[in-house]
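Here is a short briefing to read alongside the model. Keep the viewer open and follow along from the whole chain down to single residues.

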Amino acid sequence: MDELLSYRDRFPILRDCIYLINHSLAAMPAAAEDRLLEYARMWRERGIRSWGEGWWEMPVTVGDQIARIIGAPPGSTVMHQNVTIAEEVVLSCFRRPGERRRVVYEEANFPSVRYLYQAQPDLEVVAVEDDAAIVDAIDERTLLVPISHVLFKNGEIQDVAAIARRAHEAGAYVVLDCYQSAGVVPLDVTGLGVDFACGGSVKWLCGGPGAGWLYVRPDLAERLEPTFVGWQGHARPFAFEPELEYAAGARRFLTGTPNVPALYAATAGYDVIEEAGVGRIRERSLALTQLLIDQLDAAGLEIGSPRDPARRGGTVLVRTPDDAAVHRELGERGVICDFRPGAGVRLGPHFYNSEDELRRTVAELVHIVESGAYRRHADAVARF
Ligand SMILES: Cc1ncc(COP(=O)(O)O)c(C=O)c1O
């Protein structure tokens with residue numbers, strides 16, 4: 001038995017269903033409930049003193065835990081609510097772009113990231129087909145290259161190093177969205193040389209909603225001046241000075257009052273990820289996704305995600321005759337997964353899923369497709 005299976009009893013939901021939706025909302029660690037109770041206790045018993053006893057510093061102290069997971073130095077990563085806000089903080093450093101006003105990304109970038117850049121009146125967005133095309137599209141007009149480390153739809157790992165090299169040659173900045181890699185694919189933002197990295201915690205980090213994060217390359221953090229800033233970004237927030245003076249380092253990328261309960265909950269997930277180790281998690285993830293691919297191949301179902309381990313993230317995409325209906329039927333049979341319109345059903349095992357769960361999932365999938373059982377959900381639509 002794989003030793004990571006011993007973590008199963010720390011995730012209560014695994015007792016009730018086959019939980020294969022870790023690319024969307026990973027299983028809650030039982031410890032998250034204890035953390036939230038601790039938050040409530042502090043609020044109840046310590047009241048305002050809680051700020052001085054840890055709450056105020058949490059965007060930085062929790063950010064340091066993320067930093068350990070993503071290969072960043074201490075003090076370089078701060079917590080926000082979500083990726084959209086983290087990317088907006090980055091964007092806000094470049095309010096008057098001038099001649100260099102292009103944003104280059106690929107079509108498969110996550111929608112909220114695409115929408116945010118599209119909505120900027122001073123920027124010109126160039127969307128290209130894939131990661132190789134990004135390298136070709138970057139030139140002296142390029143300001144920002146916001147990319148995903150692992151694509152959300154099909155779990156494909158992108159060639160970040162090649163993009164970062166080309167971007168820096170041309171004088172552009174790379175913003176790496178690591179939402180689909182942090183916690184399941186080893187990640188070294190320092191080694192990759194990216195300028196910014198961001199992500200959230202609901203997926204492979206098992207940290208729940210409301211705990212996004214932003215890494216800024218330490219030398220850049222000293223000179224960039226975000227215009228989306230609040231009092232946590234001031235050098236002396238409790239002096240309540242009328243004029244802005246940026247805090248040193250990544251703190252200047254903070255906004256206002258932090259999302260304290262979300263940060264309490266999130267650390268329970270990060271603790272398990274650190275303890276299990278992303279290296280060991282990746283090894284198990286590759287074994288589990290390979291098992292899924294082999295089983296789906298044997299059943300004659302079409303795979304829509306990469307087979308090559310070097311390009312394969314944590315999710316396997318399988319094409320079915322009606323993804324919405326098949327997904328609904330799987331849910332009724334106790335298999336929790338999702339689908340993306342036009343792409344396929346997404347199966348995302350994490351380190352705590354067992355081989356037996358995956359075999360049962362494929363058996364159910366095959367039965368649903370071959371028997372036509374999915375047809376009774378002809379009205380099923382995309383949600384979550
Ligand atoms: C790659 C990627 N980026 C971003 C997000 C979410 O962005 P936000 O935190 O703004 O909701 C997701 C999924 O929800 C994602 O898969």
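The expected span of a helix is 1.5 Å times one less than its number of residues. Helices (H or I, at least four residues) and strands (E, at least two) are DSSP runs, numbered from the N terminus. Please bear in mind that this is a predicted model, where local features need pLDDT of at least 70 and side-chain atom pairs count only at pLDDT 80 or more, while totals for chains, interfaces and linings use all residues. Residues are numbered from 1 along each chain as its sequence is written, and side-chain values use heavy atoms, with hydrogens and water left out.

**The whole chain**

- The chain holds 13 helices and 13 strands.
- Its radius of gyration, taken over C-alpha atoms, is 21 Å, close to the 21 Å that the globule rule (2.2 Å times the number of residues to the power 0.38) gives for 384 residues, so the chain is as compact as a globular protein of that length.
- Along the principal axes, the C-alpha atoms fill a box of roughly 70 × 55 × 40 Å.
- Of the 384 residues, 57% count as buried, where buried means under 20% relative accessible area, exposed over 50%, and partly exposed in between (1.4 Å probe, protein chains only).
- Taking contact to mean heavy atoms within 4.5 Å, 70% of the contacts between residues at least 6 apart in sequence join residues at least 24 apart.

**Helix H11**

- Helix H11 (residues 278–298) has 21 residues and should span 30 Å at 1.5 Å a residue; its end C-alpha atoms are 30 Å apart, which agrees.
- Among the buried residues of H11 are Val278, Arg282, Arg284, Leu288 and Leu296.
- The cover over the buried residues of H11 includes helix H3 (58–70), helix H10 (260–276) and strand S9 (302–303).
- After H11 comes Gly300, with a positive phi near 80°.

**Helix H12**

- In helix H12 (residues 323–332), 7 of the 10 residues are buried, so the helix is largely enclosed by the rest of the structure.
- The buried residues of H12 include Asp323, His327 and Glu329.
- These buried residues pack against strands S10 (316–319), S11 (335–336), S12 (338–340) and S13 (344–347), and against helix H13 (355–371).

**Gln65, a residue of H3**

- Gln65 sits in helix H3 and is buried, with a relative accessible area of 7%.
- Thr267 is 202 residues away from Gln65 along the chain, yet their C-alpha atoms are separated by 8.1 Å.
- Leaving aside neighbours within four places in sequence, Gln65 is in contact with Thr267, Tyr270, Asp271 and Glu274.

**The loop between S7 and S8**

- Ser201 lies in the loop between strand S7 (196–199) and strand S8 (212–216), and at 1% relative accessibility Ser201 counts as buried.
- Beyond its neighbours within four places in sequence, Ser201 is in contact with residues including Tyr179, Cys206, Trp213 and Tyr270.
- Cys206 is also placed in the loop between S7 and S8, and counts as buried at 3% relative accessibility.

- Most residues other than glycine have a negative phi.
- Cys206 has a positive phi, near 60°.
- Phe240 has a positive phi of about 50°; Phe240 is found in the loop between helix H9 (218–223) and H10.
- Is Phe240 buried or exposed? Phe240 is exposed, with a relative accessible area of 58%.
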